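Work through the exercises below with the structure in view. Try each task before reading its solution.

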Amino acid sequence: MKLFGRNTKKGIKNTTLTLDSPDFLSSIGLDPEGTGDKMGEITYFICMKTLCEIMGKLEIRKYKIDQKKGKERILDDELNYLLNIEPNQYYTASTLKQSIELNRNHYGNAYVYMERYRTDRNGGKLKALWILPSSEMTIWMDDKGLFGQTNAMWYVWQDAKTGKQYKFAMNEILHFKSSITFDGIVGKSIKDILIDHLETAQSGQTYLKKLYKGNMQSSKILLYYTGTLDPKGEKALVENMENFSSDVGSGAFIPLPVGLTATTLDSKLVDAEFSVLKQANALGIAAAFGLSPNFINDYSKSSYANSVTQQQSLYSNTMMPIFKCYMEEYTRKLLVADEKKNNTILEVDTKALFKLNPIEQMGVLQQGINSLLYTPNEGREELGLPYIDNSKANELVGNGNMINLDNVGNQYAQK
């Protein structure tokens, strides 16, 4: 066949390859099965989901630490609305917190742009919070003062969609890093550290997927035949078998010529200790996130006491360092200088982590009121009830005759 005077061949397919297509990766010697997103590994996903949901359900509250009064909550309506309800017009505060934690773990760094009012009476006040794509961010250290400030740090966003570049000063970005950082500036992601473990887990999942797609039959078949075949005949025989198994019917039945015997080459999962190795690898990935076996649905050695201990370990060993990281970054970037001088902080409220059933909660509050730790109105606040409009409800009362704190011991005074 001729086209514009040139000879053409039939059967040539016109295909387009992208940089991440399996055919292109195979052509340059890369394994397309090992280049998938690490979020597809189930243990990795469960760990990320657990940490993101924990951060999404916790509120950020403002406190002032006073030398006489101790720690006292401050009601800041504008800041509270941005941090706990609506950081901008497109998504909620829970979505923002979950996205921050996801980027912090998956990429090692999470960046949030603090948009402020430029003019009018609200000039300088916080207007909105925007999550920035961590994969498109770089950090520049200006030790020569090229941008007008010596030894300043700048955050540069290279927008992949528009091709534009945006530069932010250090005080315009909330930067949350992972706990692994070599220079204190940029965090290291868990997926980069555990690349071998994650790829091993993905390879195991890929193997099971192929096994299920093949109806739990081996993908290797040994062909025995009597007599001899030249290399060309052997190649033709194998090609015919492969074409028949993939093109005709389900591939479960293959016709064999007389004198030919087919035997599957099996590798049993039990003999290879597949489940044991898979479980050990999953536990290692979960431990890197600071999560106990219960959180990845491994209850093989679980009991009630063990489960309670794992819950406590999650708070004290895993979440407390994360909460402190958030508290320090929120406090130093969102509060003004006068507030920081007066020992004002922004802290993660952890009460939602220890949510009790109504009976247990009532017992704890009753014990706290009787032990002079809570006032009645503070107890009602914990239950979500309105305050009682009575001055006595704001006073500490104790056990016995429910007397005021100032009168405790007066019954023993000599008359």
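**Exercise 1.** Leaving aside neighbours within four places in sequence, which residues is Phe-289 in contact with?

Solution. The model is predicted: local features need pLDDT of at least 70, side-chain atom pairs count only at pLDDT 80 or more, and totals for chains, interfaces and linings use all residues. Residues are numbered from 1 along each chain as its sequence is written, and side-chain values use heavy atoms, without hydrogens and water.
- Contact means heavy atoms within 4.5 Å.
- Phe-289 is in contact with Tyr-44, Cys-47, Met-48, Leu-51, Asn-105, Ile-190 and Thr-318.

**Exercise 2.** Find the strand order in the open sheet of 3 strands.

Solution.
- Strands (E) are DSSP runs of at least two residues, helices (H or I) of at least four, numbered from the N terminus.
- Two strands pair if DSSP finds at least two bridges between them.
- The order is E4-E3-E13, with antiparallel pairing.
- Strand E4 (70–74) and E13 stand at the edges with a single partner strand each, so one side of each has no neighbour in the sheet.

**Exercise 3.** Trace the pairing of E3 with E13.

Solution.
- Strand E3 (residues 60–66) pairs with E13 over 5 bridges.
- Ile-60 stands opposite Val-348.
- Lys-62 has Leu-346 as its bridge partner.

**Exercise 4.** Is strand E13 largely enclosed or largely open?

Solution.
- Buried means under 20% relative accessible area, exposed over 50%, partly exposed in between (1.4 Å probe, protein chains only).
- In E13 (residues 344–348), 4 of the 5 residues are buried, so the strand is largely enclosed by the rest of the structure.
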